[in-house]
Amino acid sequence: MPRTRPTRDQYVAWRTVTTRWRDDDAYGHLNNATYYELFDTAVNAHLYEATGVDVRGLPQIGVVAETSCQYFAEIGFPEPIEMGLVCDKVGTSSAIYRIGLFQGPGEEAAAEGRFVHVYVDNTDPARPVTPMPDVIRAAVTPLLRVPDSSS
């Protein structure tokens with residue numbers, strides 16, 4: 001069943017990225033793999049900035065357990081892309097993000113990604129699941145979207 005296109009007001013944090021010539025595929029629109037690179041960048045750049053630490057060096061790190069993308073409209077070089085970020089859930093050891101991609105002045109997303117981080121022990125080669133570090137929890141909790149109670 002098709003989902004309603006997300007709109008700008010559904011996201012909490014924003015970042016703008018420059019598109020590159022190489023981001024487009026042979027058909028002249030953004031390559032599918034590039035969408036996933038943008039989702040990864042939106043989440044991890046937010047974590048770096050919000051925590052002020054190199055998240056790769058923490059004793060517990062977030063590994064990607066799930067990703068998906070819904071495409072609504074074509075985007076590509078040369079216009080910049082605005083990435084909206086929101087967190088749907090913060091659990092004990094995981095966070096679920098949605099990332100909306102917007103190009104141009106419209107209010108509806110051209111694409112939306114789902115990105116799930118599960119936290120594992122970075123000091124154990126077996127990488128068992130572990131609780132999310134407090135510094136990460138403090139960075140992702142403000143991304144939770146509080147539903148509008150007037151609806």
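**View 1. Pairing of β2 with β5 in the predicted model.** Within β5, Glu112 is the bridge partner of Gln70. The two strands, β2 and β5 (residues 111-121), run antiparallel and are joined by eleven bridges.

**View 2. The open sheet of five strands.** The strands follow the order β1-β3-β4-β5-β2, and their pairing is antiparallel. β1 (13-17) and β2 (60-71) each have a single partner strand and stand at the edges, so one side of each is left without a neighbour in the sheet. From one strand to the next, the twist averages 25 degrees.

**View 3. Helix α1 packed on the sheet.** Helix α1 (residues 32-51) touches β1, β2, β3 (81-90), β4 (94-102) and β5, and the direction of the helix makes about 55 degrees with that of β5. The buried residues of α1 include Tyr35, Leu38, Phe39, Val43, His46 and Leu47, and what covers the buried residues of this helix includes, besides the strands β1, β2, β3, β4 and β5, the helix α2 (134-140).

**View 4. The ends and the span of α1.** At the N-terminal end, Asn31 caps α1, with a side-chain oxygen of Asn31 lying 3.0 Å from the backbone nitrogen of Ala33. Just after the helix, Gly52 takes a positive phi of about 75 degrees. The end C-alpha atoms of α1 are 30 Å apart, which agrees with the 28 Å that its 20 residues should span at 1.5 Å a residue.

Technical notes. Residues numbered from 1 in each chain as written. Predicted model: local features only at pLDDT ≥ 70, side-chain atom pairs only at ≥ 80, totals over all residues. Heavy atoms only, no water. Pairing = 2+ DSSP bridges. Helix = DSSP H or I, 4+ residues; strand = E, 2+ residues; numbered from the N terminus. Axes fitted to C-alpha atoms, helices over the stretch in contact; angles between N-to-C directions. Contact = heavy atoms within 4.5 Å. Expected span 1.5 Å × (residues − 1). Buried < 20%, exposed > 50% of the residue type's maximum accessible area, 1.4 Å probe, protein only. Polar contact = N/O pair within 3.5 Å; in protein donor to acceptor, adjacent residues only side chain to side chain.
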